[in-house]
Amino acid sequence: MFAILLVSLLGLAAIVWLASGPARVRLRRQQVRRQPFPKAWREIIKRRIPIFKTLPTHLQLQLKDHIKVFLSEKQFVGCDGLAITDEIRVTIAAQACLLLLNRNTNYYPKLRQILVYPAAFIVDKEQRDGNGLHFQHRAVLLGESWEEGQVILSWQETLKGAADPRDGSNVVIHEFAHQLDQEDGSANGAPPLAHPADYKSWSDTLGREFSALQYCANNGLPSLFSYYGATNPAEFFAVITEVFFEQPDEFLNLHPQLYRELSHYYRLDPLQW
Ligand SMILES: [Zn+2]
């Protein structure tokens, strides 16, 4: 009898513990959203994020709420002597949170830290060749997204990406698209979709368009998308996300079905901005 009671109590405690975690997070986020958006942050957005003023008012408000939550949860680390300022935090958060608008989001749940370098940075990479042999090489990077919960960015490139919101190139959007992709495990070009039924048309459309980009890249044919997207399906998703937010008109004209897939996933139509 005592054992049964103990087991029931333990079960109840486990249920309460499980239920209270997400509920606590929701409550804390609600409180953060209720706080006023600092004037200094508004100034930074005005100066650094030109895409902001093109957004409809309800999305501007949503974005500001997301920025508050994002900045209350994510740690920023300056690298190579870079001191982290609000300018850096808000400029990165504003672009990262564009990808969360209108979606049922958990704010990049795996992401813990954003490492920011003053400019391009060098990393030692381990890669595998066609025979499965590992080798080390050095790479100069502008941004990177790690599955262990970090995004690494060049501040110089972050500013450049934000300054021209119509050139189809944005390192923050690119790296945070990888984070979305990595929410359900490794980056493979298929982030978790809202409904199981969505996966078929996602993989049909993205698979076909990925092959088309590979063909363009291999034969030097023009494409709206950077050849870098032909590297693998994960890079393809990140590259088309940059173009979706920054060149929606060309995107819709040239790749209407792909545009609709992304529009459905992001719950946004940047063409209207
Ligand atoms: Zn990438």
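# Pockets and a sheet: how do you know?

Valine 77 stands opposite leucine 115 in E2. The model here is a predicted one.

Reader: What makes E1 and strand E2 a pair, and in which sense do they run?

Author: Two strands count as paired if there are at least two bridges between them. E1 and strand E2 (residues 113–117) have 4 bridges, in the parallel sense, so they pass that cut-off.

Reader: What makes the sheet open, and what is the order of its strands?

Author: The open sheet has 4 strands, and they come in the order E1-E2-E6-E5, with mixed pairing. Its edges are strand E1 (75–78) and E5, each of which pairs on one side only. From one strand to the next, the twist averages 15°.

Reader: How do you know that helix H5 packs on the sheet?

Author: Contact means heavy atoms within 4.5 Å. Helix H5 (residues 155–163) touches E2 and strand E6 (150–154), and its direction makes about 80° with that of E6.

Reader: Why is the largest pocket said to lie between domain 1 and domain 2?

Author: Look at who supplies the lining. Domain 1 (27–127 + 136–164) gives residues to it and so does domain 2 (188–273), so the largest pocket lies between them. The space in this pocket comes to about 920 Å³.

Reader: What makes a residue part of that lining, and which ones lie nearest the centre of the largest pocket?

Author: A lining residue has an atom within 4 Å of a pocket point. For the largest pocket that gives 35 residues, with Gly143, His174, His178, Tyr228 and Glu235 nearest its centre. At least two lining residues come from each of strand E3 (121–128), strand E4 (134–141), strand E5 (143–146), helix H6 (171–181) and helix H8 (233–246).

Reader: How do the residues of that lining divide into nonpolar, polar and charged?

Author: In the largest pocket, 12 are nonpolar, 14 polar and 9 charged. Gly counts as polar here, so Gly143, one of the residues nearest the centre, goes in with the polar ones.

Reader: And why is the second largest pocket placed between the domains?

Author: Domain 1 (27–127 + 136–164) and domain 2 (188–273) both contribute to its lining, so the second largest pocket lies between them. Helix H7 (198–219) and helix H10 (256–266) are the elements giving two or more residues to that lining. The volume of this pocket is about 370 Å³.

Reader: Which residues lie nearest the centre of the second largest pocket?

Author: Arg103, Pro192, Leu193, Ala194 and Tyr265, out of 18 lining residues. The lining of the second largest pocket splits into 8 nonpolar, 5 polar and 5 charged. Tyr counts as nonpolar, so Tyr265 falls in that class.

Note on methods. Residues are numbered from 1 along each chain as its sequence is written. This is a predicted model: local features need pLDDT of at least 70, side-chain atom pairs count only at pLDDT 80 or more; totals for chains, interfaces and linings use all residues. Side-chain values use heavy atoms; hydrogens and water are left out. On a 1 Å grid over the protein atoms alone, a cavity is a set of points where a 1.4 Å probe fits but cannot get out, and a pocket is an open set with protein on both sides within 12 Å along at least five of seven lines; lining residues have an atom within 4 Å of a point. Grid points are joined across faces, edges and corners, and a volume is the space filled by probe spheres set on the points. Domain bounds come from an automatic or database domain assignment. Axes are lines fitted to C-alpha atoms, for helices over the stretch in contact, and angles run from 0 to 180 degrees between N-to-C directions.
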